[in-house]
Amino acid sequence: MANEIVEFNKMTPVYGDVNQGAVAIESSRAITEAQGKLLLAKQFPRNYTACYAAAIQACQRKGFAEKAFFSYPRGKETVNGVTIRFAEEMSRCYGNMDYGIKELSHEEGRSEMQAYAWDLETNTVSSQNFTVEHVRETKYGTNKLTSQRDIYEKTANEGARRLRSRILAILPPDLVEDCIKECKKTLAGGNDMPLADRIKQLVVYFQKKGVTQEMLEKRLNHKVEAMSPEEVSDYIGIYNGINQKETTVSDWFEQPKTVSQISELMKAEEEEKEKGDKK
C-alpha cells in the first residue's frame, strides 16, 4: 500500500498547494453533474401555471410573508426590498433552477467570491464576482476579522445579498411582482391574528434586538398601540434587516445614552458655562 501511494504521488504533479490530479477529478465531476442537471430539466420541464400557483400560495402563509421583506436607510430615505428567503422560495416554486455562492480564492485579508443563478431549462446564467474584505466596519472604524467563524459569517452575508439579486434577475418579473403584492396583502391583514396582537408580537421581537418600546415610539412619533397595518409591515421590514445583519439598530433608532456619555455631556456644558462667565 505504501508503494502505491508513492507511485501515485510521482504520477500526480503538485504545484504549490494545488494537487492537479484532484483538480482534474473535481472538474470532471462538476461537468458530469451539470450535464445531468440540464438533462433532467429537459425531461421534466416546468409548468408555469402550476409554478405561479405554488408561489402565490406560499405568499399567503403568514410565516413566510413576515420574512419576505427588509428595509435599510439610505441618506434620509428608507429603501425596501425582498429578502434572500423570498428569492429562494420563489426559485423553489419556479423549479429547474440552480443557484449558490462559491469562494473562488481565499487570501490573507480577503476572499474572492461568486454568486450565481442558473435557469437549467433555458440555460440562462446570471453571475457576479465580488471581493469580501475580512474586516467589520463600525462607527469607530474598521476591525480586522481573524476568527474563521467571523470570516465565514461575513462572506456568507455579503454573498446572500448578491445571490438574491442573481436569482431575481433570472425569475420572470411578473411572478416576482405579483408575489410581492400577495405578501403585502398577507401582512396587511390577510391572517387571523388581530392587529393588536401582531403589534405586541412585534414589540417582543424588537426587544430581543435591544430595541425598547420607548425607542420604537420615539421613531414612530406616537404610541405603539396606534400603529397602522402599513406601519406594522414597514417595521417588520426594519426588524428583518436588523435580524439578517443588513442594517444595525443604530441605523434606525436613537439609543439611550450611557452613564459615561451623560457625564461627558455634563462636563462639556460646564466648560461652556465657564467660558461664558469669563467673557
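Guide: Buried means under 20% relative accessible area, exposed over 50%, and partly exposed in between (1.4 Å probe, protein chains only). This is a predicted model, where local features need pLDDT of at least 70, side-chain atom pairs count only at pLDDT 80 or more, and totals for chains, interfaces and linings use all residues. Residues are numbered from 1 along each chain as its sequence is written, and side-chain values use heavy atoms, without hydrogens or water.

Visitor: Is Arg 74 buried or exposed?

Guide: Arg 74 counts as exposed because its relative accessibility is 52%. Arg 74 belongs to strand E3, residues 69–74 (strands, E, at least two residues, and helices, H or I, at least four, are DSSP runs numbered from the N terminus). Its C-alpha atom lies 9.6 Å from that of Asp 251, 177 residues away along the chain.

Visitor: Which residues touch the most other members of the largest nonpolar core?

Guide: Nonpolar side chains tend to be buried together in soluble globular proteins. Here the largest core has 50 residues (buried Ala, Val, Leu, Ile, Met, Phe, Trp, Tyr and Cys, joined through side-chain atoms within 4.5 Å). Phe 86, Phe 206, Tyr 235 and Phe 253 touch the most other members. Beyond four places in sequence, Tyr 235 contacts (heavy atoms within 4.5 Å) residues including Leu 202, Arg 219 and Met 227. Phe 206 and Phe 253 are also among its contacts.

Visitor: Which helix gives the most to the lining of the largest pocket?

Guide: H6 does, with 11 residues. H6 spans 148–170. A pocket is an open set of points on a 1 Å grid over the protein atoms alone, where a 1.4 Å probe fits, with protein on both sides within 12 Å along at least five of seven lines; lining residues have an atom within 4 Å of a point. The lining has 35 residues, and Arg 136, Asn 157, Arg 161, Lys 245 and Thr 248 lie nearest the centre.
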